[in-house]
Amino acid sequence: MASQLIQGRTVGFPVRVRDAEVCSAFYPVRADAARAVIAYSGLDVAEALPGKAVCVLMFVDYRDGDLDTYHEFGMAFLVRPPGATGAPGPADLRRAGVFVHWLPVDQGFTLEAGRTLWGFPKELADIELRLRSPYKRCVLRKDDRLVLDMLVKPGVPVPGATAMAPMDAYTHRDGVTRRVPWSVRARGARLRPSGALIRLGNHPIAKELSELGLPKRAMFSTTIARAEMTFGEASPA
């Protein structure tokens, strides 16, 4: 599948994002609760510490790319590679991937493209981003209900332009778990211990986050002022 027709437009691989601003926070959560959340995928969480998995919350302003401009929020978990054997433990982090559990967006074209091309769990939502203030803020609503209000404070600079070898990304849709190859080049990256605050609403996803133990102190947070990304064809995991 070198290309795909999406809403009358041909989208070819690799799909490119030329400019995006990315904010994220990494949270330690109960591994047993995280396993229950992603059990449908057939994947297992990686344990950063005994009994502790990692939940990643992120929001992105896509300013220039093949799938147009849009806002996105992501809820993901660090996972062991498919077929990993032995007891879970910190060693898994060296080869962990990231499983995308929920990925609301605010535009219809990227929603259909994300579902069709990669199996991303995209849904339409109201995503308000405030990125010009000292705190980066995302207010996320779905079905007229608040999911969360999230603040990320940028930390110390990570110097230079960094070509990163990111973790394998995994999705699950229509009974199939897929691996999505991708790459990212980051400029204006910053890192801070903790550095994030969240307030949960009354949406079912907020309840899911609360059952994971959120809100709580993040392990660390990151901001990227300008990210360039490429996404290749998905393959069964």
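**Ground rules.** I number residues from 1 along each chain as its sequence is written, and side-chain values use heavy atoms, with hydrogens and water left out. As the model is predicted, I take local features only at pLDDT of at least 70 and side-chain atom pairs only at pLDDT 80 or more, while totals for chains, interfaces and linings use all residues.

**Entry 1: helix α1.** I took helices (H or I, at least four residues) and strands (E, at least two) as DSSP runs, numbered from the N terminus. Helix α1 spans residues 31-38. I asked which of its residues are buried. I call a residue buried under 20% relative accessible area, exposed over 50%, and partly exposed in between (1.4 Å probe, protein chains only). The buried ones are Ala31, Ala33, Ala34, Val37 and Ile38. Down the axis they fall within an arc of 160°, so they line one face of α1. I take the arc from the directions between the helix axis and the C-beta atoms. An α-helix has 3.6 residues a turn, so residues three or four places apart point the same way. Asp32 and Ala36 are exposed on the face turned away from the buried side. I then looked up what covers the buried residues of α1: the cover includes β3 (15-30), β4 (52-65), β5 (70-79), β6 (97-105) and α3 (204-211). Contact here means heavy atoms within 4.5 Å.

**Entry 2: helix α3.** I repeated the check on α3. Its buried residues are Ile205, Ala206 and Leu209. Their arc around the axis is only 105°, which puts them on the same side of α3. The cover over these residues includes β4, β5, β6, β10 and β16. Just after α3, I found Gly213 with a positive phi of about 105°.

Entry 3: I count two strands as paired if DSSP finds at least two bridges between them. Strand β8 (residues 126-130) runs antiparallel to β9, with five bridges. A hairpin of five residues links β8 to β9. Leu129 has Cys138 in β9 as its bridge partner. Is β9 (residues 136-142) largely enclosed or open? Five of its seven residues are buried, so the rest of the structure largely encloses β9.

On to β10 (residues 145-152), which is antiparallel to β9 and joined to it by seven bridges. Leu140 is partnered by Leu148 in β10, and Lys142 by Arg145. Strand β10 is mostly covered, with six of its eight residues buried. Five bridges also join β10 to β16 (residues 196-200), again antiparallel. There, Met150 stands opposite Ile198.

**Entry 4: the largest pocket.** I asked how much space lies in the largest pocket. It comes to about 1000 Å³. The pocket is lined by 47 residues, and those closest to its centre are Val22, Phe26, Met58, Pro166 and Trp182. A pocket, on a 1 Å grid over the protein atoms alone, is an open set of points where a 1.4 Å probe fits, with protein on both sides within 12 Å along at least five of seven lines; lining residues have an atom within 4 Å of a point. Strand β17 (220-231) gives the most to the lining, with seven residues. By class I found 36 nonpolar, six polar and five charged lining residues. Nonpolar here means Ala, Val, Leu, Ile, Met, Phe, Trp, Tyr, Cys and Pro; charged means Asp, Glu, Lys and Arg; the others, Gly among them, are polar.

**Entry 5: cis bonds.** The peptide bond from Phe13 to Pro14 is cis, with omega near -5°. Pro14 sits in the loop between β2 (9-12) and β3. Its relative accessibility is 36%, so Pro14 counts as partly exposed. Leaving aside neighbours within four places in sequence, Pro14 is in contact with Asp66, Thr230 and Phe231. Pro14 and Gly232 lie 4.7 Å apart, C-alpha to C-alpha, although 218 residues separate them in sequence. Another cis bond joins Leu214 and Pro215, with omega about 0°. I place Pro215 in the loop between α3 and β17.

**Entry 6: positive phi.** Asp144 is not a glycine, yet has a positive phi of about 65°. Asp144 lies in the loop between β9 and β10 and is exposed at 80% relative accessibility. Asp174 has a positive phi of about 55° and is no glycine either. Asp174 lies in the loop between β13 (169-173) and β14 (176-180). Asp174 is exposed too, at 69%.

Terms used:
Points joined across faces, edges and corners; volume = space filled by probe spheres on them.
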